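Please keep the sequence and the structure in view while reading.

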Amino acid sequence: FFFIWCVHEGRPAGQECTAMIGFSALTPCHLCQKPRPDAGTANLSARSVLSVPHARSLAGVWCPKLRSAPQQVRPRTGLLVQGSASGSNTPSLESQSQPGMLAELADFLRGDLPHLFDDIGIDTSKYADSVEFVDPITKYESIGGYLFNIQMLRRLFRPIFQLHDVYQTAENELTTRWTMTMKFILLPWQPEITFTGVSIMTVDMATGKFIRHVDRWDSVDDNSYFSVEALQDLVKQLFQIYATPDLETPKYTVLQRNAEFEVRQYEPFLVAETNMPGKGQLAEGSGFNKLAQYIFGGNEESRSMEMTTPVFTRMGEDVADDQEVMQFVLGGGLSLSTAPRPAAGSGVRTREVPAALYAVRRFSGVVASGGRDEEALRQMMLLKSEVKKAGLQVQMKERNGQTVEASVVLARYNEPSAPPPTRRNEVLLPLESFKFREEM
């Protein structure tokens, strides 16, 4: 519960804002200058105490300037759903056609679900009191149980929720596509847990409220309640004790995680790189030392930079046998124009790695000799096999007049002293494109 709250700023209200929960119900919104539609019944005072979801339902949802411009729902079943014009008066539920109602609810979800685990919370006004929530390991049959589950996850798992899409799948059904990443704080190693999937939201067309919410995870085939496969998937993630150093790393979004690999969308990032002639630990040590010298001041500006993670090694068909490439990520907001120039003759160069899609498989243990390590090669072949089974297209490159698969990238996150079971290693395979399962 919160006292006076500014619904536009999302923070405790200041005197400069006239559109806040707690003012007289006759106080107009300072963005659109319209009185709240509940003015005749709410009778709120400056000392009212309301929960944030209630506050948003009373004074936020109705204001056309508080919401993003309505977007067209992309039907997957041949039903065309149009959104209403921004700023137009919203008709009553009784006067709306079914497609119009679903378009408004889709818009509602786009604005509401990003608040699922933050201090604002979801707006419960669009959910029936007896709404049923089901995922492969939990089940609730009331709005109270639904909210309890949200708060339990928030306190124990520190979830980060990313909404990718909202679309129509039946005449009374919307489906959302999402990613949720969590850390279970009660275990000493605080494992990172990732689920991707869809939520199928059933609407009571008489009331315009959601009456059922069913989650389906990409990582399991059996999504029924109570799924042993889903429980095993959760336990597997809880007891993977990979240790990721608390260092800057390239930013990415997990688009889909299945049982064997995940698909990530990486943002552009900057690297310093060098070729590694030859094979084995000697070549790798030489490459590592060149890059370490560069970031610790062995550059034309004698400027040191912060350590980052991971160390990348490119390996594969489009990399010459004697020319594997090692890369250090350059952080701290550096760009090609602001990064220190490598010393002449050092063999180091800087470049920007463009945004790209990768299929990624994670494993632990010691990778002893870069891209030609036996375990790294085994993981690479497993990843390629699983990507092929999933029907995904690997990115292709030209090399010596031939078209070959793009380099697989090996990522190592930990320093050599880290215990082998806790080391986080990954192989990354560039993808040409990606579609969610429901789009294929």
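## An aromatic cluster and its surroundings

This is a predicted model. One aromatic cluster is formed by Tyr252, Tyr266, Phe269, Phe312 and Tyr358. Two of its members face each other across a strand pair: Tyr252 stands opposite Tyr266 in strand 11. Strand 10 and strand 11 (residues 262-266) are antiparallel and are joined by 5 bridges. These two strands make a hairpin, with 4 residues between them.

Phe269, another member of the cluster, stands opposite Val353 in strand 15.

## The chain as a whole

The chain contains 6 helices and 20 strands. Of its 440 residues, 48% are buried. Among contacts between residues at least 6 apart in sequence, 62% join residues that are at least 24 apart.

An open sheet of 9 strands has the order 10-11-16-20-19-13-14-12-15, and its pairing is antiparallel. Strand 10 (252-257) and strand 15 (349-353) are at the edges with a single partner strand each, so one side of each has no neighbour in the sheet. From one strand to the next, the twist averages 30°.

At one end of the order, strand 12 (residues 269-276) and strand 15 run antiparallel and are joined by 5 bridges. Strands of a sheet pair through backbone hydrogen bonds, either parallel or antiparallel.

Another open sheet has 6 strands in the order 5-4-9-8-7-6, with mixed pairing. Its edge strands are strand 5 (139-140) and strand 6, each of which pairs on one side only. Strand 6 pairs with strand 7 in the antiparallel sense over 9 bridges. Gln162 stands opposite Thr179 in strand 7.

Two helices pack on this sheet. Helix 3 touches strand 4, strand 5, strand 7, strand 8 and strand 9, and its direction makes about 55° with that of strand 4. Helix 4 touches strand 8 and strand 9, and its direction makes about 145° with that of strand 8.

## Nonpolar cores

The largest nonpolar core has 39 residues, of which Leu109, Tyr127, Ile193 and Phe210 touch the most other members. Two or more residues come from each of these elements: helix 2 (98-112), strand 4, helix 3, strand 6 (160-170), strand 7 (173-183), strand 8 (192-204), strand 9 (209-217) and helix 4 (228-238). Helix 2 gives the most to this core, with 6 residues. In soluble globular proteins, nonpolar side chains tend to be buried together.

Leaving out residues up to four places away in sequence, Phe210 touches Leu105, Phe108, Leu109, Lys126, Tyr127, Ala128, Val131, Leu174, Met201, Thr202 and Val203. A second, separate core has 21 residues, including Phe363, Met380, Leu392 and Leu431.

## Aromatic pairs and a further charge over a ring

How many aromatic pairs does the structure hold? There are 15 aromatic pairs. In one of them, the ring centres of Phe133 and Tyr146 are 5.5 Å apart and the planes are at 55°, so this pair is tilted. Phe133 belongs to strand 4 (residues 127-134) and Tyr146 to helix 3 (residues 143-157), so the pair ties together parts that are 13 residues apart in sequence. Both Phe133 and Tyr146 are buried.

Elsewhere, the charged end of Arg424 sits over the ring of Tyr413, at 3.9 Å from its centre.

Leu291 is in helix 5 (residues 280-295). Is Leu291 buried or exposed? Leu291 has 0% relative accessibility, so it counts as buried.

Which residues does Leu291 touch, not counting residues up to four places away in sequence? They are Ala272, Glu273, Thr274, Met326, Gln327, Phe328 and Val348. Leu291 and Val348 are 57 residues apart along the chain, and their C-alpha atoms are separated by 6.8 Å.

Technical notes:
Residues numbered from 1 in each chain as written. Predicted model: local features only at pLDDT ≥ 70, side-chain atom pairs only at ≥ 80, totals over all residues. Heavy atoms only, no water. Phe/Tyr/Trp six-rings, centres within 6.5 Å; stacked < 30°, edge-to-face > 60°. Buried < 20%, exposed > 50% of the residue type's maximum accessible area, 1.4 Å probe, protein only. Lys NZ or Arg CZ within 6 Å of the ring centre and 35° of its normal. Core = buried A, V, L, I, M, F, W, Y, C linked by side-chain atoms within 4.5 Å. Contact = heavy atoms within 4.5 Å. Pairing = 2+ DSSP bridges. Axes fitted to C-alpha atoms, helices over the stretch in contact; angles between N-to-C directions.
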